[in-house]
Amino acid sequence: MDSQQKKCELGPWNVSTTQGPILKSSCPLQENSTHEGDKCAECCFAKLNYPLPEMVFGENCLRIAHQAGFALEFRALDALKLVDDKKEWMHVPVADQWQKERQGVTGVDKCSNPYDWTYSTPYRGSLVGDVTVSTTEERINLDKLREREKILFFDEILLFEDELGDNGGAQLEVKVRCMPSGFFVLQRFFLRVDGSIVRLHDTRLYHGAGTDYAIREYLVKEKKISELPGLEAHELRDPDFLSGKMKEVELVCERLQFPSAS
Ligand SMILES: [Zn+2]
């Protein structure tokens, strides 16, 4: 499968999504002496010091680029670079077993070190160019986003997914929506460790057309599954359903200031 791109022009912005195939487990070109490793997705991901998720969409990307040269991007490689490669975020006995099983399949020596096997990344997007970040009291006006308005562009892309050896799931996906009044991004990391916990890392980003900044909110929510009695299996796989039942554990609100020339 070749990668596919979708695009939307929104004033000075070019919003584009790229969807490509799942990353191969090893570089298909490494025997080729002329191959440039820094341009090869497999080689770039291979530099990460822990076993990758089962499905990584190395080419998938949301890019929101301003004509002045700066951009906001959401990419799997940058997200996985922020996964803790030195220690576990949580420990469950069952993880020992399936990590041993995985050892036989991929990256043998990489598995001997502890790492965050839940892939809980604090990633909230990549900034390209001269965009400055500061904390702010300003919040995204979600009521305004609920107003009926023409949707000029909508897309969603998956960045990575892992079934945690059949003991739950971890996935990172990004949705983008463009309207005449601005654009809105929701990146969601959803983790479920069966018998233990459900967790969301939501990043919401909104830019109002004609302004020179965006607001970015990063919200972490979680809940012990033992505190959610009586849920059906499909409900435990549904982040939208679970979101309202979880407890907030972290909120960071930031203002992304664009360069003045924009
Ligand atoms: Zn390569």
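**Sheets, strands and aromatic pairs**

At 4% relative accessibility, Trp13 counts as buried; the word means under 20% relative accessible area, with exposed over 50% and partly exposed in between, for a 1.4 Å probe and protein chains only. The model is predicted, and local features need pLDDT of at least 70, side-chain atom pairs count only at pLDDT 80 or more, and totals for chains, interfaces and linings use all residues. Residues are numbered from 1 along each chain as its sequence is written, and side-chain values use heavy atoms, with hydrogens and water left out.

Start with the strand that holds Trp13. Strands here are DSSP runs of E, at least two residues long, numbered from the N terminus. Trp13 lies in strand S2, which covers residues 13–19. S2 belongs to an open sheet of five strands, in the order S1-S2-S4-S5-S6. The pairing in this sheet is antiparallel; two strands pair if DSSP finds at least two bridges between them. Strand S1 (4–10) and strand S6 (126–128) are the edge strands, each pairing on one side only. On average, neighbouring strands of the sheet are turned by 15° against each other, direction ignored. That angle is taken between axes, which are lines fitted to C-alpha atoms; angles run from 0 to 180 degrees between N-to-C directions.

S2 pairs with strand S4 (residues 61–66) in the antiparallel sense over six bridges. Asn14 stands opposite Ala65 in S4.

Now the rings. The structure holds 10 aromatic pairs. Rings of Phe, Tyr and Trp (its six-membered ring) pair if their centres lie within 6.5 Å; planes under 30 degrees apart count as stacked, over 60 as edge-to-face and the rest as tilted. Which kind of pair do Trp13 and Phe183 form? Their ring centres are 5.1 Å apart and their planes stand at 80°, so the pair is edge-to-face. This pair links distant parts of the chain: Trp13 is in S2 and Phe183 in strand S10 (residues 182–193), 170 residues apart. Phe183 is buried too, with a relative accessible area of 0%.

Tyr115 and Tyr119 make another pair. Their ring centres are 6.3 Å apart and their planes at 50°, so this pair is tilted. Both tyrosines are buried. Tyr115 and Tyr119 also belong to one aromatic cluster with Tyr50, Phe160 and Phe189.

How many residues of S10 are buried? The count is 12 of its 12 residues. Gly182, Phe184, Leu186, Arg188, Phe190 and Arg192 point one way from the strand. Phe183, Val185, Gln187, Phe189, Leu191 and Val193 point the other way.

Val185 in S10 is the bridge partner of Val176. A hairpin joins S9 to S10 through two residues. Arg192 stands opposite Val198 in S11. Three residues lie between S10 and S11 in their hairpin, and Gly195 in the turn has a positive phi of about 75°.

Two arginines place charge over rings. The charged end of Arg124 sits over the ring of Tyr218, 5.1 Å from its centre. Arg255 does likewise over the ring of Tyr213, 3.9 Å from its centre. The criterion is NZ of Lys or CZ of Arg within 6 Å of the ring centre and within 35 degrees of the ring normal.

Terms used:
Helix = DSSP H or I, 4+ residues; strand = E, 2+ residues; numbered from the N terminus.
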